[in-house]
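Biologist: I would like to learn how to read aromatic ring pairs in a model. Please start with the structure itself.

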Amino acid sequence: MYSIIYRSVAAPNFSKFDIYQMLSKARSFNNDNDITGCLLYHNNEFVQLLEGEKEKINSLFDNIKKDKRHEKIQTLDEMEISERIFIDWDMAYHDFSDNTSVPNEKMRQIDAIFDKSGAFTKPSRLSMDFFKNVNQILFKKS
């Protein structure tokens with residue numbers, strides 16, 4: 001198993017509708033290729049974790065880097081992994097500007113890490129720990 005975490009900036013004309021169309025296609029593709037992961041969106045930026053077979057992940061990431069819907073793509077972390085974080089998700093998604101999907105306290109916790117810490121301004125092993133925490137905060141029942 002292999003994992004890549006990257007960040008990018010959405011193209012100026014990339015709307016929420018476009019994001020949901022992209023997610024639908026990505027989930028179908030990922031399901032067919034045994035790829036899991038999580039896409040986060042905040043302040044016109046994406047941070048994404050992809051998990052799966054190394055060759056499939058690298059091929060997908062090569063295609064992602066050619067996608068004109070975003071720019072300034074930066075790899076934050078890549079590594080061999082022993083298990084998936086988002087095992088039940090073809091592509092989990094969370095938009096941090098949508099405060100209705102999770103309690104506000106959870107939003108503040110994640111926002112503090114994502115937006116204020118600078119953890120995603122350069123490659124770092126912290127990004128994998130961040131996604132583990134996101135999985136716990138957003139998708140586990142308390």
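**Aromatic pairs**

Modeller: Searching the whole structure gives four aromatic pairs. The rings of Phe, Tyr and Trp (its six-membered ring) pair if their centres lie within 6.5 Å; planes under 30 degrees apart are stacked, over 60 edge-to-face, and the rest tilted. This is a predicted model, where local features need pLDDT of at least 70, side-chain atom pairs count only at pLDDT 80 or more, and totals for chains, interfaces and linings use all residues. Residues are numbered from 1 along each chain as its sequence is written, and side-chain values use heavy atoms, leaving out hydrogens and water.

Biologist: How is a pair described?

Modeller: A pair of aromatic rings is described by the distance of the centres and the angle of the planes. For Y6 and F61, the centres are 5.2 Å apart and the planes at 45°, so this pair is tilted.

Biologist: Which elements hold Y6 and F61?

Modeller: Y6 is in strand β1 (residues 2–10) and F61 in helix α2 (residues 54–66), so the pair ties together parts 55 residues apart in sequence. Helices (H or I, at least four residues) and strands (E, at least two) are DSSP runs, numbered from the N terminus.

Biologist: Is Y6 buried or exposed?

Modeller: Buried means under 20% relative accessible area, exposed over 50%, and partly exposed in between (1.4 Å probe, protein chains only). Y6 is buried at 4% relative accessibility, and F61 is buried at 6%.

Biologist: What about Y20 and Y93?

Modeller: Their ring centres are 5.7 Å apart with planes at 75°, so the pair is edge-to-face. Y20 is partly exposed at 44%, whereas Y93 is buried at 13%.
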